[in-house]
4 protein chains.
Amino acid sequence: MPNIYAGELVEVSQEVLAGLGALARTAGQGFITISNGHGAWQMALCNTLSAGDKVLVCESGRFAVIWGEMAAVSGVQVEVMAGSDRGPVDPEALAARLAADVNQEIAAILIVQTDTASSVRNDIERIGQVVTDSGHRALLMVDCIASLGCERFEMDAWGVDITIASSQKGLMVPPGLGFCWAGPRALTAYESAGLRVGHFDWAPRMNAEAVYQNYNGTPPVSHLFGLRESMRMIAEEGGLEAVWARHQVLADAVRAAVQAWSTPDGLNFNITSPDHRSNAVTAVRTGSVSSVELQERCEAGAGLTLGIGLANSAESTFRIGHMGHLNPPSILGTLATVEAALRAIGAPVGTSGISAAAEVISKSL
Amino acid sequence: MPNIYAGELVEVSQEVLAGLGALARTAGQGFITISNGHGAWQMALCNTLSAGDKVLVCESGRFAVIWGEMAAVSGVQVEVMAGSDRGPVDPEALAARLAADVNQEIAAILIVQTDTASSVRNDIERIGQVVTDSGHRALLMVDCIASLGCERFEMDAWGVDITIASSQKGLMVPPGLGFCWAGPRALTAYESAGLRVGHFDWAPRMNAEAVYQNYNGTPPVSHLFGLRESMRMIAEEGGLEAVWARHQVLADAVRAAVQAWSTPDGLNFNITSPDHRSNAVTAVRTGSVSSVELQERCEAGAGLTLGIGLANSAESTFRIGHMGHLNPPSILGTLATVEAALRAIGAPVGTSGISAAAEVISKSL
Amino acid sequence: MPNIYAGELVEVSQEVLAGLGALARTAGQGFITISNGHGAWQMALCNTLSAGDKVLVCESGRFAVIWGEMAAVSGVQVEVMAGSDRGPVDPEALAARLAADVNQEIAAILIVQTDTASSVRNDIERIGQVVTDSGHRALLMVDCIASLGCERFEMDAWGVDITIASSQKGLMVPPGLGFCWAGPRALTAYESAGLRVGHFDWAPRMNAEAVYQNYNGTPPVSHLFGLRESMRMIAEEGGLEAVWARHQVLADAVRAAVQAWSTPDGLNFNITSPDHRSNAVTAVRTGSVSSVELQERCEAGAGLTLGIGLANSAESTFRIGHMGHLNPPSILGTLATVEAALRAIGAPVGTSGISAAAEVISKSL
Amino acid sequence: MPNIYAGELVEVSQEVLAGLGALARTAGQGFITISNGHGAWQMALCNTLSAGDKVLVCESGRFAVIWGEMAAVSGVQVEVMAGSDRGPVDPEALAARLAADVNQEIAAILIVQTDTASSVRNDIERIGQVVTDSGHRALLMVDCIASLGCERFEMDAWGVDITIASSQKGLMVPPGLGFCWAGPRALTAYESAGLRVGHFDWAPRMNAEAVYQNYNGTPPVSHLFGLRESMRMIAEEGGLEAVWARHQVLADAVRAAVQAWSTPDGLNFNITSPDHRSNAVTAVRTGSVSSVELQERCEAGAGLTLGIGLANSAESTFRIGHMGHLNPPSILGTLATVEAALRAIGAPVGTSGISAAAEVISKSL
């Protein structure tokens with residue numbers, strides 16, 4: 001265990017805290033929680049809301065809804081603006097709902113940029129514009145857990161008040177750190193927040209003199225070293241713009257493969273609109289094909305772990321993650337293995353997906 | 001990242017969760033938080049208390065008081081039973097206070113087994129007896145962060161309702177995991193707890209069907225592997241009894257050294273009563289000697305990091321940690337280096353402390 | 001540094017030495033050199049030959065010839081039986097040469113199972129039969145550096161006298177260990193070998209009482225732990241037969257891709273005969289296509305390192321290694337990336353190689 | 001496995017090869033063997049001697065003698081200038097022997113700077129002067145395996161022709177690399193050396209164009225990274241002068257302890273002359289005390305591994321290594337544990353050695 005009062009650990013902590021804002025493109029205040037992403041959700045809720053407040057959950061898959069359920073445990077009223085698990089949140093519906101809230105009862109809007117189950121990408125830039133244009137007091141809280149470091153995200157430019165992320169996806173660090181960024185409107189809301197709890201309380205963390213105050217106790221030593229390395233890797237690659245561009249190419253390759261495999265009674269994209277497919281993960285509907293059997297073939301025969309599922313369609317969906325520390329050989333190897341497994345189980349496939357994916361990659365070489 | 005739905009990680013999680021109870025000697029329910037020890041404090045408070053409840057903080061150093069301050073943020077009334085930073089909580093004073101609380105207003109008693117700043121060891125067995133004998137409804141909550149795995153602790157036999165610990169001391173895992181054990185009275189209190197927050201909520205964690213529910217989200221992968229190894233190391237050494245015996249010998253060696261160094265105007269134990277000195281850490285008052293200078297000599301000349309301080313005596317106190325993964329050469333090397341530094345700065349010392357410490361160790365070889 | 005006289009290191013050393021024979025399928029004596037494969041070549045030469053002896057080098061690429069050059073430095077006469085770098089050693093030519101050596105001047109025959117530059121696989125079983133049938137005294141020395149753990153090899157059943165290997169290919173350990181196995185005829189030759197040098201001398205290593213004698217000095221601590229893990233991984237996979245079967249499938253996939261890519265003026269196999277293509281590595285002639293440009297595209301754009309070259313054709317050859325710790329996703333990812341790079345530079349390609357490779361893999365799932 | 005033809009590994013190899021000369025304080029040619037120290041001995045012998053040559057072994061413990069035995073395997077005549085295992089080589093005896101060799105039959109002188117068994121430190125500066133003053137053609141070959149990086153050594157200034165070392169002592173890298181430096185007279189001797197073997201041959205290594213030629217085959221990847229880190233650590237500490245100074249202080253502390261423990265029938269230094277005790281290791285004669293029992297107490301009770309032995313006195317000698325990556329706490333912890341074990345077995349001891357050692361360290365803080 002290193003000294004937590006002086007020396008290298010203090011420098012590491014200062015370096016990562018100083019670099020937090022750039023990750024979310026914000027001049028706001030960044031916080032690190034020792035937790036998974038759900039802990040960072042909790043920090044956002046506790047520091048800005050009071051019991052009896054209302055939050056509007058913008059449904060587009062599973063995770064915004066679960067975040068809302070967390071708020072409900074604290075006595076917050078939760079209204080779900082129903083959405084699909086095959087498409088994005090509708091900005092116009094949000095505009096209408098805010099316009100209808102003449103008494104400004106909604107204290108916060110909860111939305112994800114990417115839902116890792118449905119693989120939707122919400123248009124946060126447009127959502128932010130809607131909230132800004134509405135003149136509503138509601139805070140815009142965006143969960144970027146699955147998308148930060150994979151997908152363009154501009155917290156300040158897009159009018160986002162709170163951003164949430166965690167260490168184990170685009171940031172390439174083992175799970176164990178959550179992130180929460182707060183803009184000016186969120187910090188104002190903090191002043192009257194009734195749900196504050198000591199462990200997540202912003203004030204002592206903002207005014208920290210010693211490293212342990214930034215983490216409300218013993219700092220997460222090993223993860224801080226990991227996060228510093230991750231930030232340096234991003235810089236060495238050319239910064240976030242370069243990292244986003246790499247994810248775009250790899251996601252395009254995945255989508256080319258899925259498009260090629262598609263058949264009327266077989267595979268297809270879960271997200272129907274091409275404009276709203278995530279650059280971090282792609283969910284695939286398998287139609288008449290058993291995703292469980294597909295998963296088993298990949299695992300047993302090729303050592304590839306395929307994520308299956310989506311709440312109500314575990315047997316007919318699988319997901320390909322394409323986030324974080326990966327390159328063309330790793331994503332192409334995944335796609336080729338899936339294609340081999342599809343053939344092995346006699347699934348109906350259109351044309352060679354892996355060939356189409358290689359074609360996409362060839363344009364980036 | 002391993003699969004979190006099946007395979008090795010699931011086995012690791014099940015193994016460590018199954019082994020939790022034995023660490024605290026309880027048949028109660030164990031929980032793992034992804035956090036430092038303060039996060040586990042928060043879990044204990046949120047799941048058992050309501051705003052307006054009163055907690056009685058038993059002061060004996062710094063940490064129980066800080067725990068109380070955390071409770072106050074949530075609107076809990078905090079009464080501090082004043083104590084010294086040079087001695088233990090007085091069980092008879094606690095008995096008197098509970099007897100005086102005829103309306104049973106006190107909902108919980110917060111106490112540490114070992115205060116890592118003062119190095120006191122409270123007599124939790126006796127404290128537990130006092131609470132039990134009083135017939136009071138107050139929950140007995142014990143912070144074993146600095147002592148678990150170093151010092152005998154018997155949660156059930158001693159009548160403790162909630163126990164708190166963390167990964168980075170006696171359990172020898174990097175910081176990043178907190179632990180909370182709840183006995184029957186605590187689980188009953190949970191049913192009416194008004195401070196519940198979703199991230200720390202016990203019910204979903206107790207009834208988990210999938211690994212992620214045990215951790216309210218993504219599990220702490222790397223730390224779970226570390227914890228499993230730690231539990232196996234404890235078993236290989238002969239179990240907790242053997243681990244406690246090793247800590248006893250090493251702590252005796254430290255105390256023999258401090259005793260030998262002691263002079264009227266120089267070094268002495270912070271904890272005046274020999275019966276209440278911790279087996280995990282020893283705080284030393286340095287009298288006329290500058291602990292800052294001592295620290296600097298050890299660090300610059302010998303690569304040894306000495307912890308100094310105690311709230312109001314940073315310049316005249318230092319602490320020697322003797323917890324977790326250590327053996328006679330490591331603790332004797334520390335003591336000999338301190339002795340060398342004491343000589344280097346011309347500090348008054350009685351006799352050779354390292355010689356006395358080696359004498360203690362010789363009896364265990 | 002662990003104790004090298006007792007305890008875990010001694011157990012590790014004993015375990016790996018006891019397991020050596022099974023790796024080469026021999027009841028003969030196995031030796032570990034701290035070296036690369038060339039050090040193991042040297043051990044074989046020094047312990048069996050004398051200055052003035054003649055060795056017959058069976059050319060089929062680069063490495064047997066280099067081994068012969070090493071022998072020449074010690075004053076051994078070297079005769080090269082000329083071969084091609086696009087095909088195997090001809091067993092009938094060897095039979096004829098041995099028959100012609102009526103005075104039995106040839107003391108040893110040097111041959112590789114797989115030449116990692118040409119990617120040929122020599123038929124060692126047939127070669128062994130030729131030597132046995134000839135009744136010649138010459139020792140058959142086989143370099144399995146590139147093939148051990150990838151390709152069936154039966155030292156005793158095939159009549160091989162000395163086998164050479166190293167740690168960093170099929171055995172999946174970092175470079176730093178060489179291996180030499182000696183059968184009965186080789187141990188007889190040792191008795192009169194004039195080239196013996198102390199560091200490689202067999203006798204003290206065979207009669208070792210202490211661990212350091214097995215390595216003529218300090219043992220290679222970290223590599224021994226690695227080798228033990230490697231041996232355990234092979235056992236967990238189901239033993240050498242299972243490992244060979246996996247290599248066969250992956251090599252078939254590579255060959256299916258190369259076959260699909262082949263065109264008259266573009267890519268083709270370096271080894272013309274399908275029966276003599278290695279299961280560990282595949283060398284590809286690129287015809288009019290620049291292998292240097294192909295390498296650059298793979299490296300810069302996709303992070304894939306492609307080996308190019310062959311003594312006299314660096315610009316028009318590349319090689320795909322498929323040995324050791326790899327699985328379908330890793331080999332398919334490599335092939336797909338090469339295919340993308342071929343398209344990127346506008347190389348003539350027949351049909352989709354990666355699609356063909358995925359078809360091969362599908363049959364194994 | 002990294003690319004061995006371009007990129008980071010090439011840079012690492014170039015950096016360590018460029019830094020070799022500074023380690024031995026020479027402008028001569030440095031070579032790295034993938035081997036232990038014995039492999040580096042072999043390289044020195046093979047590249048400078050011929051069968052029938054005579055070497056003069058300067059005995060002062062075990063290792064020079066063993067080196068001579070290695071030479072004898074290659075047909076070199078070995079003359080041992082008898083010495084003690086309790087003291088250094090006598091420079092005047094060497095001067096006399098060289099003077100008597102009127103026909104200059106001696107081709108090389110083999111000597112160690114520190115014998116790790118006896119813990120003697122030979123005065124290589126004086127030895128070098130003797131050889132130079134003699135005008136004899138004999139090469140001076142010095143084994144610095146146990147001393148390089150611990151003890152001042154100036155190859156060029158002292159007139160040394162060949163220096164030998166290995167990775168696992170003062171250079172703090174796991175065993176697996178040997179080092180050999182050759183000065184101008186050694187390189188001249190190479191031209192007519194009859195014992196050359198290919199694997200150790202200097203010419204191809206000196207004229208290497210590709211990395212693999214520097215190592216006669218696949219480079220020792222993981223160890224090269226380790227060696228680079230080691231060289232950087234030495235530079236960060238302030239260079240060899242600072243490293244030597246640290247070893248001096250730590251060795252002085254060890255000697256103060258042994259001196260304090262000494263009694264007529266108990267412990268004492270193996271090396272009788274204070275001027276010839278090594279800064280890397282200290283051998284202690286235990287008189288009536290069983291070193292085996294001492295070793296067992298340290299190992300079982302305190303986890304400390306004590307080296308015992310010396311060819312003919314295993315039961316009454318032990319050794320304390322104080323080389324490489326260590327600091328005051330580690331060496332003082334070792335000494336205090338030995339003192340505790342001495343008391344545990346009731347050994348006669350003078351005064352507290354650990355107290356005396358701490359006194360020495362105090363002067364350096």
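Author: Let us begin with burial, where a residue is called buried under 20% relative accessible area, exposed over 50%, and partly exposed in between, using a 1.4 Å probe and protein chains only. With a relative accessible area of 19%, R285(D) is buried, whereas D85(D), at 25% relative accessibility, counts as partly exposed. This is a predicted model, in which local features need pLDDT of at least 70 and side-chain atom pairs count only at pLDDT 80 or more, while totals for chains, interfaces and linings use all residues. Residues are numbered from 1 along each chain as its sequence is written, chains are lettered from A and ligands numbered from 1 in the order in which they are written, and side-chain values use heavy atoms, with hydrogens and water left out.

Reader: What joins the side chains of R285(D) and D85(D)?

Author: A salt bridge is a side-chain nitrogen of Lys or Arg within 4 Å of a carboxyl oxygen of Asp or Glu, and R285(D) and D85(D) meet in one at 3.9 Å, N to O. To place them we need the elements: helices (H or I, at least four residues) and strands (E, at least two) are DSSP runs, numbered from the N terminus. R285(D) belongs to strand β9 (residues 281-285) of chain D and D85(D) to the loop between β3 (77-81) and α4 (91-100) of that chain, so the bridge ties together parts that are 200 residues apart in sequence.

Reader: Which relation holds between chain A and chain B?

Author: Two copies of a chain are related by a rotation about an axis and a shift along it. Copies are superposed by least squares on the C-alpha atoms of residues with pLDDT of at least 70 in both. Chain A is superposed on chain B by a rotation of 180 degrees with 0.0 Å of shift along the axis (RMSD 0.0 Å). That is the relation of a two-fold axis. Chain C is superposed on chain D by a rotation of 180 degrees, again with 0.0 Å of shift and an RMSD of 0.0 Å.

Reader: How many residues of chain A are in contact with chain B?

Author: Contact means heavy atoms within 4.5 Å, and by that rule 34 residues of chain A are in contact with 34 residues of chain B. Because 100% of the interface residues of chain A are also interface residues in chain B, the copies meet through the same surface. Buried area is the accessible area (1.4 Å probe) that two parts lose on being put together, summed over both; between chain A and chain B it is about 2,500 Å², with carbon and sulfur atoms giving 61%. In chain A, the residues that lose the most area to chain B are N36(A), P175(A) and H199(A), together 20% of what that side buries. There are zero salt bridges between chain A and chain B.

Reader: Is N36(A) buried or exposed, and what does its side chain reach?

Author: N36(A) lies in the loop between β1 (29-34) and α2 (37-46) of chain A, and at 1% relative accessibility N36(A) counts as buried. A polar contact is a pair of N or O atoms within 3.5 Å; within protein, one must be able to donate a hydrogen and the other to accept it, and residues adjacent in sequence count only if both atoms are side-chain atoms. The side chain of N36(A) reaches the backbone oxygen of Y215(B) at 3.0 Å, and a polar atom of that side chain lies 3.2 Å from the backbone oxygen of N216(B).

Reader: Where do the other pairs of chains stand, for instance chain B and chain C?

Author: Chain B and chain C do not touch, their nearest C-alpha atoms being 15 Å apart, and no contact joins chain A and chain D, whose closest C-alpha atoms also lie 15 Å apart.
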